[in-house]
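Welcome! Take a moment to turn the model around on your screen before reading on. We will then walk through it together, one part at a time.

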Amino acid sequence: MTLSRRWVLRGMGATVAIPVLPSLLGAGDAQAQGMMEARNFINLGTHHGACWERFMCPTLPSTGVTRQMYAGREIRSFALTRTVAGSNAGVSPVLTAAEGRFTEALKNKMFVARGFDVPWYLGHHTGGHLGNFARNDANGTDGALAQQNAVRATIDQVMAWSPSFYTDLTSVRERVLVLSGRMSYAWQNPDTKSGAIQEITPQADSPQALFRRLFPSTGMQQRAPIVDKVLENYRRVRTNPRLSRVDRDRLDDHIQRVSELQRRIGSTSACTPPTPPAAPYANASMGAVIYNAPFARNPTEQTAWFRVMNDLVVAALGCGLTRVVVGLVNPYLSTYAGDWHQDVAHQADAADGLRQDTLWRSYNTFFRDVFVDLAAKLDAVNVGTGQTLLDRSLLVWTQESGHRTHDYRDGVVVGFGSAGGRLSTGIAVDYRNLNLRLESANEMNIITRPGLLWHQWLGTVLQTFGIPQAEWERPQVNGGYPDYNFANLQWQAINAQTAWPQAVWRAAGDRLPLLSV
Amino acid sequence: MRTSVLALLAVVVSACSGAIMGGMVEPMTSATGGGSSGTGTGGGSTPATGGGSSGPTWQVERFACDAQATPDELPLRRLTQRQYLNVVNDLIARSGLGATDRTAVTTALRDELAPFPADRLVGVPGEKHGGFTRLDQALQQGHVDTSYTVATEAGRELTSTTARRTALVGACATDTSTANDAQCLRDFITRFGRLVHRRPVTPEDVTFYTSVAGTTPVDAAVLADVIGLMLTSPQFLYHFEEGDPMAAGPSPLDAFALASRLSFHFWQTMPDDALLAAAQDGSLLTEAGYAAQVERLFADARTNQALDDFFSQWWRNDELPPLNTRIGTPIFDAFAGANVPSATLHDEMNAEVLELARHVARTNASVDELLTSRRFFARSPALAALYGQPAWDGTGTPPEFVQPERHGLLTRAAFLASGSANTRPVMKGFRVRNGLLCTSIPPPPPGAMATPIPLSPDLTTRETVEQITEQPMSSCRGCHIGLLNPLGFVTENFDALGRVRTSQRLFSDDGMVRLEKPISTRTAPNVAGFFEPVDHAGQVHELMRQGEFQTCFARQYFRFTFQRMEDDAKDGCLLRSLQDDALAGKPMAEVLKAVALAPSFKRRDVR
């Protein structure tokens, strides 16, 4: 295989020439089986959810539906149909973008999966996207209990520290590129998977800072880095007999991180650093983009900022500087001037539909101008075998809640990329049990039916990327990830055992049918 | 009348706390009602001197001191973000470089320092509000990566010119002789290392640091590496406190560790020369010498930053949002009128209450004064306009409020503003009850905020809140009517910008005043066991100072000082001392200093 070509990424904030590296392609067994390596996992989460299904989800067609019995219910899949209206094309009102950007070819690399549930009251959360249910706002007894008992590392970190995932760290600068807080959680000592689970703060909060992190200036190195001596110093001090055992444990944690730093410093990439991001986007943080001029209430400028970040994310993935990117995105991409949380998200069920209208249109803005942009940029990177970086990746959009805020029922995952052929694309999948109905206060616009467990989605992701189940699953508790099956439901009229019977909990260890290849 | 009110409130509060016994409603007592709950494990309670206007049986719960208890301690605390940034800046300031070079080095490090992870607010487990950044002891890759980058860059910058090397290391570093280089390096390590380690470096340290040197020991690159190694050392990045693991009990801190603990507590940075000298000559380990240093440090203006951090985090100032985000919407514009909020108005409001705290700390005033002071500290004309009087110029004795409705803390704009055209009584009440009185409040029931309730557009904010949260038989009612709403309703005579009002204007969507209705502040506060109706915040302040506020202060300052949650059983002695002093009305400054004078501040358990 000759890989001499270079591809050029041109975005608003960066232009980068990246050689096609053999290390980006993966090899070995997967190729021999007709699959390519499942290389990159990118998860962008958005706050709230609460988008009604008629705006969010593709409509079940009358024909062409594949049906299968699974875990005690019929599940369904069907081909996504892209409807063109004027200059836009879409598969649902939210999932609509410019026709020239959201092409038929790109649509065929997309999937929409619905019917994922967290079967207890979780309320507001940021950790659930990736498996740490404890990071919730403790609204409700179940949420408070989860805060105490459901503290888990998130799947991005499980991946990043699995020996099965990063088999070659030569070019890797960040095991996980964390774009925002409160989404990614890891052990105090991730190498030994020991110590308290703690939040991972973003490596950078602006495009400029991210650029500096990914592409540090290298200057003339007159001497070897001192990181080896730093390690030696900590090991030396650790023997101080006047420290306590727990002090030495603390130093061990530090030593592990210096070792990781040592590895990062030794990483090499053949990429030419891209052009640094430019004003006004370069130094704006995500918070500033939402709340400060010139971005606040200006979706054009807001989404432009996100596209600059997309450029850097694609550069990082294309250069092999990381293989995992996660971030929470404030979805307030709107001209709305009030309190989004209270007056839009919490009022999204109001019968007049006015707030729902504001809400779903902001999600559409996110999809159209941020999410599709990232997918298209990943798809523009040809990795040399007739495939693109997107083909080797799994790019997903997850939401905090299902169709009602505070309520993770019928959660929807919007994805691009087949992860090297491991996932089916061009389809919508529906895992809900249409024979059951979860009663709730406002059924005028939302009728919720129990689906499969969010645990199964998370477990499917880990399996898709080849992380052995023995590393992360505790089947004696439940299948999938995480091992937390709290069933003390308080507000469902339907019996929990009926909605999510043991068959559903057992199935959570499976790769999702219809979606998985 | 009194009986019926008592019974009603007993029902709702007990429902909130799950304290209904055998179907019989028990009258409220201190133990289940207004007493602070915090996170402690209980401990005995003894009678207090409370009384005042509260119910005849009410008494604040007192901490119990068990002198035999051994408190838990944190392992090897890392510097907080603020402490780290301060220390780096102080080291540059004390490097010996000239002013121009110091500025250049500081500027060069700015981008490198920026990624150092911000500390998270860590508070009571299970509660999503409040906390102190000092309690965040998570060690992240970002701490290690950033400190490494800063260290290596600082090394390069400090040694990048001959002039800088001369100033930092001495003439021996730049003269033509190489014979003195080795000694020159050792002297530098000894001198600069004392600042970096905040204690004399050991011979082993000197040997290790010199081990990076090659044949030209004071070469710029060598010096940069030595500095880099020092600034990544555990003695620099952690509070490195040694002890005797085989001792029968906690070990007393040695003089240098004590100097650092004092300095970081009050100044959030490394000890100054005088403090290091007191450690060096042993005077810091004498009672008088130590007390003198506590006095000196507290009196120094550098303590103000720690005071600001403590009070802003205890009072949850970060929850006051920017007030300008709704400008341009008809309702808000009509509501704000001439008082159009700037992007910094919320910061000015928070600065005002912090200035109050500083004033109390510097004027021999008691903790109670935080609640009851009517001094006026608004410096900006925009904020002062909300108070209806000219801005204070910051000199002399601060004037008093001119508006009689301003009774003290709860009537200051920082505790009133909401960022919208409407007040937020529930959040006001939560902040007071949970934040200022340390009362735990159960989480809202599932879906409490997710289901819109059809409301008449003719309702005031208070009436709306009552409609939503006080519906008979609703699961919301207990906590709201018993704990949350009263402490929000009592300041409804101030609008969402903190302006005094007697009525609430109700606007149409296009910003026209559609209706104007009188407001009501009458409410039963359930503070200090008092359930009779009150009409204004001044009465609530009086009830708060019967013991709950001071007790909460004791808990919060303990957390801030020791960087962990208190354990009532094991930490009871110090908590009791703090509580006693605050309840006795001692000057707040004395209470704050007393923590540093306590035995538990001066020792560490390394067993």
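In chain A, among contacts with a separation of 6 or more, 70% are between residues 24 or more positions apart. Keep in mind as you look that this is a predicted model. Chain A has 517 residues, and 56% of them are buried. Its secondary structure comes to 17 helices and 17 strands.

The largest nonpolar core holds 135 residues, and A:Met159 and A:Leu462 have the most contacts inside it. Helix 13 of chain A, residues 354–379, gives this core its largest share, with twelve residues. Another core, of 100 residues, lies apart from the largest one; B:Phe310, B:Val527, B:Val534 and B:Ala537 are among its members.

Strand 6 of chain A is joined to strand 7 (residues 88–90) of chain A by three bridges, and the two run antiparallel. Here A:Val84 stands opposite A:Ala89 in strand 7 of chain A.

Where do the two chains meet? In all, 60 residues of chain A are in contact with 50 residues of chain B. On the chain A side, at least two residues each come from helix 5 (141–149), strand 12 (194–199), helix 7 (207–214), helix 8 (227–238) and helix 9 (245–266). Helix 9 of chain A supplies the largest share, eleven residues. By class, the side of chain A that touches chain B divides into 21 nonpolar, 22 polar and 17 charged residues.

Finally, follow chain B itself. Its domain assignment gives domain 1 (81–237) and domain 2 (306–442 + 455–544). The centres of domain 1 and domain 2 of chain B, taken over C-alpha atoms, are separated by 45 Å. Seven residues of domain 1 of chain B are in contact with five of domain 2 of chain B. The domain 1 side of that meeting has two nonpolar, four polar and one charged residues.

Definitions and conventions. Residues are numbered from 1 along each chain as its sequence is written. Chains are lettered from A and ligands numbered from 1 in the order in which they are written. This is a predicted model: local features need pLDDT of at least 70, side-chain atom pairs count only at pLDDT 80 or more; totals for chains, interfaces and linings use all residues. Domain bounds come from an automatic or database domain assignment. Two residues are in contact if their C-beta atoms, placed from the backbone, lie within 7 Å. Ala, Val, Leu, Ile, Met, Phe, Trp, Tyr, Cys and Pro count as nonpolar, Asp, Glu, Lys and Arg as charged, and the others, Gly among them, as polar. A nonpolar core is a set of buried Ala, Val, Leu, Ile, Met, Phe, Trp, Tyr and Cys residues joined through C-beta atoms within 7 Å. A residue is buried if 20 or more other C-beta atoms lie within 10 Å of its own, exposed if 12 or fewer, and partly exposed in between; C-beta atoms are placed from the backbone. Helices (H or I, at least four residues) and strands (E, at least two) are DSSP runs, numbered from the N terminus. Two strands pair if DSSP finds at least two bridges between them.
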